[in-house]
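Take the chain below and work through how its parts are packed together.

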Amino acid sequence: MKSKIFSAFIFILAAIIGMAFVNPDQQTKPWPVPDKYKKMENPVKFNKSAASALWTKHCKSCHGKEGMGDGPKAAQLDTPSGDFTTSAFQKQSDGSLFYKTIEGRDDMPGFKKKIPDDEDIWQLVHYMRTFK
Ligand code: HEC
């Protein structure tokens, strides 16, 4: 009897340890955004052709044409770049998307230097809203 309980215990333990390593949907870790940014609203008027040109030049290689995370560089990334058509992505504030774009994290490059004009970043924020 005792050994049965023991085996059950080992089995459950192994299952728990196993789950820690297998992460089927590769949930990315939370990415906190400072309050100052969270509350920002997009101050520029959407210029779709300008925004689309910026997206193609700087973002499409990883995030894909339609923000599905399926660009040609996606396979080389350690962290998935995410699916921008999901409500989890779209419910973030404009300022959060702005912050993440300028700061970057891990495989996501920060674009503060490459795209120095804030207005261009805001155009990209508008553009990311078209992926739904
Ligand atoms: C070299 C590949 C690469 C390029 C180029 C790239 N990204 Fe990313 N991006 C990523 C990865 C990987 C993540 C996920 C990072 C993480 O969660 O740690 C990400 C995450 C993001 C996020 C946050 C997603 C979320 O779920 O909150 C935003 C916003 C974003 N990228 C915007 C952009 C924009 C705008 C551009 C172009 C100016 C761009 N990215 C260019 C790889 C890239």
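Contact here means heavy atoms within 4.5 Å. Helices (H or I, at least four residues) and strands (E, at least two) are DSSP runs, numbered from the N terminus. The model is predicted, so local features need pLDDT of at least 70 and side-chain atom pairs count only at pLDDT 80 or more, while totals for chains, interfaces and linings use all residues. Residues are numbered from 1 along each chain as its sequence is written, and side-chain values use heavy atoms, with hydrogens and water left out.

The protein has 7 helices and 0 strands, so the pattern read along the sequence is α-α-α-α-α-α-α. Of its 132 residues, 30% count as buried; buried means under 20% relative accessible area, exposed over 50%, and partly exposed in between (1.4 Å probe, protein chains only). Among contacts between residues at least 6 apart in sequence, 61% join residues at least 24 apart.

The metal site comes next. His63 (NE2) and Met108 (SD) coordinate the iron atom of the ligand at 2.0 to 2.1 Å. Donors are N, O and S atoms within 2.8 Å of the metal (3.2 Å for Na, K and Ca), and because water is not among the atoms, sites may look incomplete. The 6 donor atoms around the iron atom subtend angles of 86 to 179°, which makes the arrangement octahedral. The criterion for six donors is that opposite donors are over 155 degrees apart and all others between 65 and 115. Ideal angles for six octahedral donors are 90 or 180 degrees. His63 lies in helix α4 (residues 60-63) and Met108 in the loop between α6 and α7, so the pair ties together parts that are 45 residues apart in sequence.

His63 is buried, with a relative accessible area of 9%. Leaving aside neighbours within four places in sequence, His63 is in contact with Trp55, Met68, Gly69, Asp70, Gly71, Ser81, Phe84 and Met108. The structure holds 0 disulfides, a disulfide being a pair of cysteine sulfur atoms within 2.5 Å.

In soluble globular proteins, nonpolar side chains tend to be buried together. A nonpolar core is a set of buried Ala, Val, Leu, Ile, Met, Phe, Trp, Tyr and Cys residues joined through side-chain atoms within 4.5 Å. The largest such core has 22 residues, of which Trp55, Phe98 and Met128 touch the most other members. The elements that give two or more residues to this core are α3 (48-58), α6 (94-103) and α7 (118-128). The largest share, 6 residues, comes from α7. Beyond its neighbours within four places in sequence, Phe98 is in contact with Tyr37, Asp118, Ile121, Trp122 and Val125.

Which residues of α3 are buried? They are Ala51, Leu54, Trp55 and His58. Seen down the axis of α3, these residues fall within an arc of 100°, so they line one face of the helix; the arc is that of the directions from the helix axis to the C-beta atoms. Ser49 and Lys57, on the other side of α3, are exposed. What covers the buried residues of α3 includes α4 and α7. Ala53 lies in α3 and, at 47% relative accessibility, counts as partly exposed. The C-alpha atoms of Ala53 and Leu124 are separated by 9.6 Å, although these residues are 71 apart along the chain.

Helix α7 has 8 of its 11 residues buried, so it is largely enclosed by the rest of the structure. The buried residues are Ile121, Trp122, Gln123, Leu124, Val125, His126, Tyr127 and Met128, and they pack against α3, α5 (87-90) and α6. Tyr127, at 11% relative accessibility, counts as buried. Not counting residues up to four places away in sequence, Tyr127 touches Phe46, Lys48, Ala51, Ser52 and Trp55. Tyr127 and Ala50 are 77 residues apart in sequence and 9.6 Å apart in space, C-alpha to C-alpha.

Key:
Tetrahedral: all angles 85-135°; square planar, octahedral: opposite > 155°, others 65-115°.
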